[in-house]
Amino acid sequence: MKSKTVFLCSNCGSESPKWAGRCPACGQWNTLEEYTPPTASSGKSSTPSALRNAPKAKRLSEINTDEALRFTTGLGELDRVLGGGAVRGSLVLVSGAPGIGKSTLLLQICAQIALEQKVLYVSGEESESQLKLRAQRLGVKQESLFLLCETNLDDILASADQLKPEVLIVDSIQTLYTEDKPASAGSVSQVRDCTLKLLQYSKSSGITVFVVGHINKEGAIAGPKVLEHMVDCVLYFEGEAHTAYRLLRAAKNRFGSTNEIGVFEMREKGLTEVPNPSELLLSGRPTGTPGTCVACVMEGSRPVLAEVQALVSYSPLSMPRRSCNGFDYNRAGMLFAVLEKRGGLRLSNNDVYVNVVGGLRLDEPAADLAVAIAVASSAQDKPLPDTLAAIGEVGLTGEIRAVDRMEQRLAEMQRLGFTQCIIPRSGTRDIVAPKGLELLRAKNIREAIAVSF
Ligand code: TYD
Ligand code: MG
């Protein structure tokens, strides 16, 4: 049977039977690429079921989990994000912006893993001598670490078959190609087929595979969306361009929660773990001064903490100045009006400036309360406790409304060392505070201001 050619969108991964200039599913232009699905299974369907060599299903109780399923990578922060160490036979995708430190991270974990297991590190981006130099700088010199510079996936797998490593690291998926496809490396169909092959290989051989994936301009993994469905674990490695701090987050994890984050610092000798992340967040943060509060927003499926600063100062202008950086101007205007009318603040003859530290944009209503509290703190010239944060949407009548994924946000706060958080009273009765975090429930903006100071 001839396998049918379809067209895949490189943006959303949807399939179309025909080529078109614009993807019918997501509306992006010029993203459809020709794709021929692998033919291996196409003949099977014609075999009558009686003649087939059917695989035998097992009882749950028959499945043996005695052998050690997890092993440590030597970096506690990475182990935590993976859910307590790397899982044998799993496929982990590590993605992030160029230069963020993906190759460094993966070469560094070789130091620990190669003490007990054989590791094959395949790079399609760097030469052997470059890898050697980097390994020397990172202090990685284990005998059971093998390097291979190759981009042909079939050759890589053949080489892995011979070497029989326990861990395979591939840097990066976008540089690989398989011979059965005419498309060039990095194209949607190559990325998809190479991932599929690596997945089959890791499942059949029990080898743990780490794969680096580049991200596109929008910050998603370059390649079809289905890539994320195929792999067991998707990690994002991110950080600010001008700081040395790096955050590792799981966007998907079949073997653990996605609420955990890992924090690293890029130093001369590679990445070092940051054991107390609240220090990192508070490092540049002024303490004991009015006009700062911490918000928690969801960036995709990931919670992110951000500091909101506000400055309220007397204005001689008839039309006082309002300025917002990292927060919607109109939404801020609404919050100022609510603070005047329902919160008892006088803002009409003051300039008000709002700034979100770190270049982040807070587009979610969940950040409303933190902005309002920061403004109130500056207007009254009273500092907030350093370890207080606020989550909640502010309505026009001054009420504080519930937001989704409260547990995930609170877990992130506790993890970053916060001890108090103002949350909405409505819709949060079932929420249990994580250990060490006190929840201050407020019904409206007046109550919220009252409990903050
Ligand atoms: P790299 O791992 O090559 O990034 P990626 O694979 O994600 O593109 O890291 C590149 C950056 O890390 C580079 O700008 C230099 C910096 N770096 C250090 O500061 N110290 C080190 O020991 C190493 C290896 C890299
Ligand atoms: Mg790299």
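A: Of the 16 residues around ligand 1, those that come nearest are G99, S103, T104, R267 and E268; a residue counts as near if one of its heavy atoms lies within 4 Å of the molecule. This is a predicted model, in which local features need pLDDT of at least 70 and side-chain atom pairs count only at pLDDT 80 or more, whereas totals for chains, interfaces and linings use all residues. Residues are numbered from 1 along each chain as its sequence is written, chains are lettered from A and ligands numbered from 1 in the order in which they are written, and side-chain values use heavy atoms, with hydrogens and water left out.

Oxygen atoms of ligand 1 take part in polar contacts (pairs of N or O atoms within 3.5 Å). A polar side-chain atom of T104 lies 2.5 Å from one such oxygen atom. From the backbone, a polar atom of E268 is 2.7 Å from an oxygen atom of the ligand, and an N or O atom of I100 is 3.4 Å from one.

Helix α2 (residues 102-116) packs with helix α3 (residues 128-138) at an angle of about 65°, and their axes are 10 Å apart. Helices here are DSSP runs of H or I with at least four residues, strands are runs of E with at least two, and both are numbered from the N terminus. Axes are lines fitted to C-alpha atoms, for helices over the stretch in contact, and angles between N-to-C directions run from 0 to 180 degrees. The two helices are therefore roughly perpendicular, a term for angles of 65 to 115 degrees (under 35 is roughly parallel, over 145 roughly antiparallel, and the rest oblique). The crossing of α2 and α3 is right-handed: the near helix is turned clockwise from the far one by less than a right angle.

In this pair, S103, T104, L107 and Q108 of α2 meet L131, R134, A135 and L138 of α3, where contact means heavy atoms within 4.5 Å. By class, four of these residues are nonpolar, three polar and one charged; Ala, Val, Leu, Ile, Met, Phe, Trp, Tyr, Cys and Pro count as nonpolar, Asp, Glu, Lys and Arg as charged, and the others, Gly among them, as polar.

The backbone deserves a look as well. Most peptide bonds are trans. A cis peptide bond, with omega about 0°, joins D171 and S172, and S172 lies in the loop between β9 (167-171) and α5 (188-205).

Methods: Polar contact = N/O pair within 3.5 Å; in protein donor to acceptor, adjacent residues only side chain to side chain.
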